[in-house]
Amino acid sequence: MAQEHAAPEETADVAELTERWHRAAADVENTRKWADRQAARQRQEERLAVSAAWLPVLDNLDLALRHGDADPRTIVEGVAGVRDQALGVLARLGFQPVGEVGEPFDPVRHEAAEVIRDSDAPPGTVVRVLRPGYGDGERLLRPAVVAVSAPSDLAIVQEAGPDGG
């Protein structure tokens, strides 16, 4: 006949293992909640740091607006200074301009908005940057919008039309 009740030591072992399992599960849940709080705190700190980095740029834009009736050359110099300041903020955040005249077109880093057929540049070369992109080497905030040189024979094919005439 099979034993219907476990021995007292087996019951104690099961109870101890059950208690340890409950504690481990509670520890895992507490660790998850702690990690969530840490991640939220870190995101908030990063938000504050980035926002604080942009405040001087905003201050200088406000200053430029207050002097809107000044000499236009002075205003242009001031706006150029604010632009340089904004580029500095992006650089401190690790983002550099993407897209330079003369570099090969890269569809990952560039968005072709225009094709230039009468260019002395080799085909597939960036000949003008319409809007710079920004990235950190691995990721892009946005691609550069560029004009790209095309082979001279491309103009002939396009002018002929799809039916050759």
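First, the ground rules. The model is predicted, so local features need pLDDT of at least 70, side-chain atom pairs count only at pLDDT 80 or more, and totals for chains, interfaces and linings use all residues. Residues are numbered from 1 along each chain as its sequence is written, and side-chain values use heavy atoms, with hydrogens and water left out.

Let's start with the elements. The protein has 3 helices and 6 strands. Both kinds are DSSP runs numbered from the N terminus: H or I over at least four residues for helices, E over at least two for strands. Reading from the N terminus, the order is α-α-β-β-β-β-β-β-α.

Now the totals. The protein has 165 residues, and 16% of them count as buried. Buried means under 20% relative accessible area, exposed means over 50%, and partly exposed lies in between, with a 1.4 Å probe and protein chains only. The accessible surface is about 12500 Å². Carbon and sulfur atoms hold 57% of that surface. These areas come from the Shrake-Rupley method with a 1.4 Å probe; for residues, only the protein chains shown count as cover. Contacts next, meaning heavy atoms within 4.5 Å. Among contacts with a separation of 6 or more, 59% are between residues 24 or more positions apart.

On to strand β6, residues 144-149. How many of its residues are buried? The count is 6 of 6, so β6 is mostly covered. A144, V146 and V148 point one way. V145, A147 and S149 point the other way. Both sets are buried.

Which strands pair with β6? Pairing here takes at least two bridges found by DSSP between two strands. β2 pairs with β6 in the parallel sense, over 6 bridges. V115 has V148 of β6 as its bridge partner. β3 pairs with β6 in the antiparallel sense, over 4 bridges. There, V129 stands opposite V146 in β6.

Stay with β2 for a moment, and look at H110. This histidine lies in strand β2. Is H110 buried or exposed? H110 is buried, at 4% relative accessible area. Its side chain makes a polar contact of 2.6 Å with the side chain of E103. A polar contact is a pair of N or O atoms within 3.5 Å; within protein, one must be able to donate a hydrogen and the other to accept it, and residues adjacent in sequence count only if both atoms are side-chain atoms. Leaving out residues up to four places away in sequence, H110 touches G99, E103, P104, F105, V126, P143, A144 and V146.

Next, the open sheet. It has 3 strands in the order β1-β4-β5, with antiparallel pairing. β1 (96-98) and β5 (140-142) are at the edges, each with a single partner strand, so one side of each has no neighbour in the sheet. From one strand to the next, the twist averages 35°. Axes here are lines fitted to C-alpha atoms, for helices over the stretch in contact, and angles run from 0 to 180 degrees between N-to-C directions. Strand β4, residues 133-135, is joined to β5 by 2 bridges and runs antiparallel to it. Y134 stands opposite R142 in β5.

Last topic: salt bridges. The rule asks for a side-chain nitrogen of Lys or Arg within 4 Å of a carboxyl oxygen of Asp or Glu. How many are there by this rule? The count is 8.

Take E16 and R20. Their side chains meet at 3.9 Å, N to O. The two are 4 residues apart in helix α1 (residues 8-66), so about one helical turn separates them. E16 is partly exposed at 44%. R20 is exposed at 54%.

R32 and D36 meet at 2.8 Å, N to O. Both lie in helix α1, again 4 residues apart, about one turn. R32 is partly exposed at 40%, and D36 is partly exposed at 40%.

Then R128 and E114, with closest N and O atoms 2.6 Å apart. This pair links distant parts of the chain: R128 is in strand β3 (residues 126-131), E114 is in strand β2 (residues 110-116), and 14 residues separate them. R128 is partly exposed at 36%. E114 is partly exposed at 28%.
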